[in-house]
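Please read it alongside the sequence and the model.

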Amino acid sequence: MSGELGQPQAGPSHAGLDLPNPERNQAGVPGGVIRRVGGPGRRSWIQKVLEQITDSPRQWVTPSEVVPVAVLAVQRYLLEDEPRDVEPKPPLYCYDVTISDGVYREKCYLDPSLNSLVYKNILKVGIEMKISKVSCIYNEKRLGQGILCIDSVHCGETLDAISLETPFRNRAHREVPERPLRGGKSHYLALWNNEDPYGDIWLTNKQPEEHNFNDTRIISLSHLEMTWSNRRNFPALLVRILHKSKLRYYGKPDRKMIEPYQTFLEVADSSGTVSVIMWNALCPEWYKSLRVGLVLLLQDYSVKKSYPFRMQPLPVDPQIKLISTMEICLNLRDPPTNIIIIPERQVKPEWRLPKLHNRFITRSELDHVPENHICDVIGILVFVGRVQRSKKKESREDFWSYRWIHIADGTSEQPFIVELFSTSQPEIFENIYPMTYFVCTQLKVVRNDTQVPKLLYLTTTNESRVFIIGHRGHPYTNNTKNANRPSTSQASKRESQNQERDGKHPDDGPSVAQGINTSHESLSPAKKKRIVQGPSDKQVIVPQPEPSAESKGNKPATPSNLQCRGSTGISVQGKARKTISDRWESQLWREKKLGLIHHLRYSSVHPESIPRKFIFEHRNFLTQQYNSQPAKYIPPEGRPAKLDDFKSARSLGHFEITILGLNHEIAIDVAFLPMYSPEDIRTSQIDTLLTCMNYSCVYPQEGPGTDKVRSPRALAGDIIKAVTELDKVHIVCILDICSLGNNKAEVYLQRIYRPDKTS
């Protein structure tokens with residue numbers, strides 16, 4: 001039986017299960033054949049189902065025996081329009097699910113009606129699943145060939161371990177690179193976004209090679225700018241990469257492009273800098289091999305007038321001319337571009353290629369940097385938030401992936417707060433953890449000095465790149481003596497001192513990997529808003545022991561925002577791990593709580609939403625817990641750990657708050673998680689509840705006595721006292737609604753406004 005997969009065929013399928021056909025030689029069928037498994041040993045449930053469906057006159061069957069199977073992979077791709085489709089119909093994306101019954105594994109097509117199980121992180125790798133209905137999607141262009149389709153399932157619990165020894169029943173599914181079951185696409189997409197390269201079509205094997213320049217004619221960028229419109233053939237370009245953008249995927253169901261990708265390179269020689277656009281199949285071949293700082297020889301490219309609305313990044317050297325009238329296009333054909341990486345040892349001084357000049361700033365300098373300024377930062381990661389997602393457009397299925405991180409550089413008590421979007425570097429984005437030396441380039445400053453407290457953070461741009469210090473060949477190694485480079489040794493020393501003071505090993509430091517909205521989270525702009533009016537009654541429970549439910553893994557959280565307007569009547573109840581039993585509630589709440597039409601309860605805090613102390617020995621487990629679910633099953637290392645085995649980084653616990661609507665008919669319970677740690681004097685006291693909740697963080701009072709660390713019990717009393725001051729006060733509450741997957745949702749209080757106090 002052939003193990004090769006041919007070119008994509010027209011029709012709904014080009015590879016799948018082959019059904020019996022006595023009129024042909026089954027050994028040559030690209031999709032594989034159904035074989036009746038005999039002999040001793042366990043029979044394959046997958047094989048029995050395939051035999052059942054081929055013997056059935058219907059296109060679908062209910063398996064005679066429902067046996068649990070393990071989910072090994074969930075892979076996403078864009079499904080092309082069928083010929084009969086007039087307009088593209090949602091969903092745009094579909095999923096292939098690889099299952100194993102312990103004897104065989106099989107790649108199946110997931111019916112689009114079940115896509116929501118993937119969206120909600122119910123159907124995911126590593127779980128046990130029972131399939132109660134299957135069908136066969138036939139390829140009408142090829143006799144006897146079809147795909148097993150999953151039409152109805154029940155998703156169970158996460159399995160402790162799954163064997164990866166079972167072979168594919170269908171040999172076509174062992175192909176490299178992997179191909180989707182349906183349509184003409186040659187590759188899968190990343191499971192949760194379109195920016196990350198995913199799969200084995202993305203090559204990394206391009207290496208520098210010596211080039212003989214004796215017979216190579218080279219033109220400068222400035223000369224090309226003046227003459228390109230009158231040329232038919234263009235001499236070679238010898239340039240250095242100054243910036244590299246993240247990937248852009250522009251695939252659509254009605255576009256018959258195999259690999260619809262695009263990326264921008266900003267390159268320069270001694271005469272100027274220009275944008276280079278790499279198109280389509282060249283991206284999988286070259287994107288992961290090209291990095292900032294490399295010298296390229298470009299031949300057989302094309303030139304076109306530049307797109308007028310694209311903003312080029314600023315040149316690394318202000319003396320270099322910015323060429324914005326033309327763009328260089330690199331294609332696999334028309335004409336086929338030739339790209340050569342020139343070894344740095346062959347680069348000659350007389351070429352006068354520009355050097356890289358990073359714009360490193362320190363945290364102490366950031367306070368004086370204007371809004372929208374572009375800068376680079378370097379330091380130690382002291383906080384890593386969980387991966388979250390936000391919709392690009394409300395009506396689309398495309399999402400941005402991002403997470404919040406804190407970087408300390410030793411020049412300020414405050415860290416850099418960075419909103420880190422995916423930069424098409426999943427190997428780094430998904431594998432960062434605290435106590436790592438980290439570099440982020442091309443960050444934009446976001447600030448609002450009129451807001452109280454002031455808003456200040458950094459966010460990534462289209463050309464941002466991230467690096468973990470210590471990897472060879474990264475471009476920042478040429479800039480280690482930059483005068484503006486912050487002292488990471490100071491930050492490292494300070495973190496070590498904090499750890500030693502607390503009697504902890506340096507690997508157990510104050511850094512946390514976490515998955516909720518803490519002090520930085522409120523800095524995220526509102527993604528979606530809804531206005532609900534009503535009087536507001538508040539119940540606060542402070543502090544509570546953390547829940548002990550076992551974590552089942554995380555889906556990228558998709559936060560939205562909800563606005564609730566009302567007046568407050570507040571009840572307060574205190575409960576701690578030991579003995580705190582304070583309770584206060586308003587008369588309004590006592591009168592109205594039994595007559596509600598709806599009382600929504602979302603105040604519980606799940607284990608994956610609690611910030612944890614980072615332990616270096618368990619970095620792989622913690623990193624996985626706060627990442628997106630992978631597309632392929634990853635066997636656990638040793639005995640599977642539990643999140644509850646790791647100490648919380650919050651000493652104050654969490655608060656439960658009840659908000660009552662203006663009409664006294666609807667109330668909602670939400671959670672509030674202030675960041676408080678006795679080890680950090682900056683977060684040891686509070687002023688008022690409004691200040692406390694403004695950024696979900698406890699702020700110290702200004703004035704004498706701020707060096708005194710107060711106990712959680714004393715702070716709980718302060719919060720309860722502050723709550724009583726809001727009794728019957730009109731407020732606006734900003735809530736973050738986070739879907740954790742697996743039918744779990746959390747609602748957090750992000751901020752409180754008083755309409756009578758606009759500041």
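## Salt-bridge network

Glu266, Arg310 and Glu463 are joined in a network of salt bridges, a salt bridge being a side-chain nitrogen of Lys or Arg within 4 Å of a carboxyl oxygen of Asp or Glu. The search of the whole structure gives 16 salt bridges.

## Basis of the values

This is a predicted model, in which local features need pLDDT of at least 70 and side-chain atom pairs count only at pLDDT 80 or more, while totals for chains, interfaces and linings use all residues. Residues are numbered from 1 along each chain as its sequence is written, and side-chain values use heavy atoms, with hydrogens and water left out.

## Individual salt bridges

Lys206 pairs with Glu285, their closest N and O atoms being 2.9 Å apart. Lys206 sits in the loop between strand 7 and helix 3 (221-227), and Glu285, 79 residues apart from it, in helix 4 (residues 282-286); helices (H or I, at least four residues) and strands (E, at least two) are DSSP runs, numbered from the N terminus. Lys206 is partly exposed at 22% relative accessibility, and Glu285 is partly exposed at 23%. Here buried means under 20% relative accessible area, exposed over 50%, and partly exposed in between (1.4 Å probe, protein chains only).

Asp669 forms a salt bridge with Arg601, with 3.5 Å between the closest N and O atoms. Asp669 belongs to strand 31 (residues 666-672) and Arg601 to strand 28 (residues 598-601), so this pair ties together parts 68 residues apart in sequence. Asp669 is buried at 9% relative accessibility, whereas Arg601 is exposed at 60%.

## Nonpolar cores

A nonpolar core is a set of buried Ala, Val, Leu, Ile, Met, Phe, Trp, Tyr and Cys residues joined through side-chain atoms within 4.5 Å. The largest has 48 residues, and those with the most contacts inside it are Tyr109, Leu123, Met129, Ile131 and Ile150. Elements giving two or more residues to this core include helix 1 (45-54), strand 6 (127-138) and strand 7 (145-158). Apart from this core lies another, of 38 residues, including Leu224, Val267, Leu282 and Trp286.

Not counting residues up to four places away in sequence, the residues touched by Met129 include Val69, Leu123, Ile150 and Cys155, contact meaning heavy atoms within 4.5 Å.

## Cysteines

The count of disulfides is zero, a disulfide being a pair of cysteine sulfur atoms within 2.5 Å. For Cys149, the nearest cysteine sulfur is that of Cys108, 8.6 Å away. Cys149 is buried at 2% relative accessibility, and Cys155 is buried with a relative accessible area of 16%.
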